[in-house]
Amino acid sequence: MKILMVLTSHDQLGNTGRKTGFWLEELAAPYYAFKDAGADIVLASPKGGQPPLDPKSSEPDSQTEATRRFDADAQAKTQLAATVRLDSLAQDDFDTVFYPGGHGPLWDLAEDRHSIALIESFVAAGKPVALVCHAPGALRHVKAPDGRPLVSGKKVTGFTNSEEAAVQLTDVVPFLVEDELKAKGGEFSRGPDWGPYVVEDGLLITGQNPASSAPAAQLLLKRLAGARQ
């Protein structure tokens, strides 16, 4: 079982002068779910190399058992420092792809033609795709094989407008994940703010927020196990 995890390379939080990037829990929790299941994991990003970490995601209040395990894992950190360039990869080499969030993907992965083509190729090959928190925003330009938006008519979730308002970034982000998924025809649903909530529809698995990353990973593993039977 070979799993691709795609991280952002974008580190600027709009024009605020603050840093952003990927959210640590959304990498760490799925990473260990996959690793503990025996998967071979490849980390990738648009620019390759060390992807930027959202500094807020490493603050004490954001720490979890998985983030602490990652911080103490020299091998994992070495792998993270050397992510593969996204444009060098093809879906043929993987069973699935998982996109952690953080605000960064709204600026780069949402517009990255290699990411868009990669997701489209996974879907065309009948392989599941999972994205959590802000990463479902990377679906905004992704098309289904019939040419319609991939999320059109599909049950989806992602970081909600109320969660974005709670972190006071509604007017900073280039678009709101909830609004964009709805605009593309997605059947958006949500759980309570900051609580785990995951939706599956066909090949698409989406999670609402950081707390949803581990359940999304487990659902993806269950899906892969079913496909191998």
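At 26% relative accessibility, Lys184 is partly exposed, whereas Glu180, at 13%, is buried; buried denotes a relative accessible area under 20%, exposed over 50%, and partly exposed the range in between, as found with a 1.4 Å probe on protein chains only. The structure is a predicted model, in which local features need pLDDT of at least 70 and side-chain atom pairs count only at pLDDT 80 or more, while totals for chains, interfaces and linings use all residues. Residues are numbered from 1 along each chain as its sequence is written, and side-chain values use heavy atoms, with hydrogens and water left out.

Lys184 and Glu180 are joined by a salt bridge, with their closest N and O atoms 3.9 Å apart. Such a bridge is defined as a side-chain nitrogen of Lys or Arg within 4 Å of a carboxyl oxygen of Asp or Glu. Through salt bridges with shared partners, Glu180 and Lys184 belong to one network with Glu111 and Arg140. In general, side chains of opposite charge can pair when their charged atoms come close.

Glu111 is located in the loop between strand 4 (96–99) and helix 4 (113–124), and Arg140 in the loop between strand 5 (129–132) and strand 6 (155–156), so the pair ties together parts that are 29 residues apart in sequence. Here helices (H or I, at least four residues) and strands (E, at least two) are DSSP runs, numbered from the N terminus. Glu111 is partly exposed, with a relative accessible area of 41%, while Arg140 is buried at 19%. The charged end of Arg140 additionally sits over the ring of Phe175, 4.0 Å from the ring centre; this arrangement requires NZ of Lys or CZ of Arg within 6 Å of the ring centre and within 35 degrees of the ring normal. Lys2 is placed likewise over the ring of Phe94, with its charged end 5.3 Å from the centre.

The salt bridges number 11 by the rule applied. One of them links Lys19 to Asp11, with the closest N and O atoms 3.3 Å apart. Lys19 is partly exposed, with a relative accessible area of 45%, and Asp11 is partly exposed at 29%.

Strand pairing was then examined. Strand 1 (residues 2–6) and strand 2 run parallel and are joined by 5 bridges, pairing being assigned where DSSP finds at least two bridges between two strands. Ile3 stands opposite Ile41 in strand 2. From strand 1 the chain passes through helix 1 (residues 24–36) to strand 2 in a right-handed β-α-β crossover, in which the path from the first strand over the helix to the second runs clockwise when the strands point away from the viewer. Strand 2 also pairs with strand 3 (residues 84–85) in the parallel sense over 2 bridges, with Val84 as the bridge partner of Ala44. In strand 2 (residues 40–45), 5 of the 6 residues are buried.

Aromatic pairs number 5, counted where ring centres of Phe, Tyr or Trp (its six-membered ring) lie within 6.5 Å; planes under 30 degrees apart are stacked, over 60 edge-to-face, and the rest tilted. Tyr31 and Phe70 form an edge-to-face pair, 5.5 Å centre to centre with 80° between the planes. Tyr31 lies in helix 1 and Phe70 in helix 2 (residues 65–71), so the pair ties together parts that are 39 residues apart in sequence. Tyr31 is buried at 3% relative accessible area, as is Phe70 at 2%.
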